[in-house]
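Hi,

Here is the structure I promised to pass on. Have a look at it first, and my notes follow below.

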Amino acid sequence: MTKAFDISKFRKSLTKGITGISTGFNDPKIWLSTGSYGLNYLISGDFYKGVPMGKVTVFAGESGSGKSYIVSGNIVKSAQDQGIFVVLIDSENSLDQQWLNNLGVSTDEDKMLRISASMIDDVAKVINDFVKEYKANYLDLPADDRPKVLFVIDSLGMLLSATEVNQFEAGDMKGDMGRKAKQLKALVTNCLNMFGDLDIGMVVTNHTYASQDMFDPDDKISGGNGFIYASSIVVAMRKLKLKEDADGNKVSEVRGIRSACKVVKTRYAKPFESIKIDIPWEHGMNPISGLFDLFEGAGVLKKEGNRYAYTVKSTGEVMKFFRKEWNDYEKLKVIMDEFSQDDIPNNADADTADDFADHKLSPADVVMQGEDE
């Protein structure tokens, strides 16, 4: 009788001796909420999940579109609420302690390590050294007993290549001949492979910039295509003006940000779906904002006269309320509990999805289109 092949020693030597290798299947077990039920759903297919640990997620958008609010605020808070240690790498030196505390984020040393870094090489070394130390100390423990760690980079686009730093010191800014794009791709790809079978995740922000191509006017995500394709999830964001009061009434003055988010890359739900999230300046993100439009666009909320009706699948009961009355978690939760990916029509948001439906844009070229509201 042929002796069974014992792979255990080889597997252990691979994962412990080489930093950038993982083995086996690594389906996500831990999820971090974005603070928005609707955005969670479009990313993960579950209103209560959001972004997964063990993967690399990118939130890209123009200045003031809510990237840091979601990533360094809501996602970090969700991680800390689950006992996950956060390594926050701030390349913009803009994340104030008081601002983070106001969003419910703990800056205590036992819950967060904040690092200010400006070079891609430095960030890569920090992460590589950290993972080596992590494997040396915790890899032999059962998975449930290992500490969980989330890396947050805010932002990826502001990191510099060594060439850019050297040119600045020499006073001769010629550009880095594409080296930065290659380094960012290498950073994301290596991190993705390192994190695979560990309880480590990464969420980053990045910027978009105006296109100079008259034939392709859509905004571009900085840093080249490579790291976008290497990332697990990509969310594109655009800043609109929120001109509604707390009761949903239209007002003339701007009361906050309406962040238009499109999930242009995900393996856990239908891609190219979008939602608009309200972030009032007075009290922060409304977690149910955008749900009404999502459900109406899917056809599960139907207008009947001046009210909107939903037929409960499990009982056949008809819930019928005015639009403003639907702005209630308990009412919307009834729909959330029964909603499925099959309820979302392909490219339901025609105003922002035309180019995606025609596959004219790659994830690296994505931009949220539409006028300020």
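Let me start with the strands: β13 and β14 run antiparallel and are joined by four bridges. Before you read on, keep in mind that this is a predicted model.

The hairpin of β12 and β13 has two residues between the strands, with G305 at a positive phi near 70 degrees.

Put together, that gives an open sheet of three strands in the order β12-β13-β14, with antiparallel pairing. The edge strands are β12 (302–304) and β14 (318–321), each pairing on one side only. From one strand to the next, the twist averages 35 degrees.

Next, the helices. How do α5 and α7 pack? Helix α5 (residues 120–138) and helix α7 (residues 179–195) pack at an angle of about 10 degrees, and their axes are 10 Å apart. Angles under 35 degrees count as roughly parallel, so α5 and α7 are roughly parallel to each other.

If you want to colour the contact, the α5 side has I120, D121, V123, A124, I127, N128 and V131, and these meet K180, Q183, L184, L187, C191, M194 and F195 in α7. Sorted by class, the contact of α5 with α7 has ten nonpolar, two polar and two charged residues.

Is D90 buried or exposed? Its relative accessible area is 0%, and buried means under 20%, so D90 counts as buried.

The side chain of D90 has two backbone nitrogens to look at. That of N93 lies 2.9 Å from a polar atom of the D90 side chain, and that of S94 lies 3.0 Å from a polar atom of the D90 side chain. Leaving aside its neighbours within four places in sequence, D90 is in contact with L95, R114, I115, S116, A117 and D154.

Happy to go through any of this with you.

Cheers

Terms used
Residues are numbered from 1 along each chain as its sequence is written. This is a predicted model: local features need pLDDT of at least 70, side-chain atom pairs count only at pLDDT 80 or more; totals for chains, interfaces and linings use all residues. Side-chain values use heavy atoms; hydrogens and water are left out. Axes are lines fitted to C-alpha atoms, for helices over the stretch in contact, and angles run from 0 to 180 degrees between N-to-C directions. Angles under 35 degrees count as roughly parallel, over 145 as roughly antiparallel, 65 to 115 as roughly perpendicular and the rest as oblique. Contact means heavy atoms within 4.5 Å. Ala, Val, Leu, Ile, Met, Phe, Trp, Tyr, Cys and Pro count as nonpolar, Asp, Glu, Lys and Arg as charged, and the others, Gly among them, as polar. Buried means under 20% relative accessible area, exposed over 50%, partly exposed in between (1.4 Å probe, protein chains only). A polar contact is a pair of N or O atoms within 3.5 Å; within protein, one must be able to donate a hydrogen and the other to accept it, and residues adjacent in sequence count only if both atoms are side-chain atoms. Two strands pair if DSSP finds at least two bridges between them.
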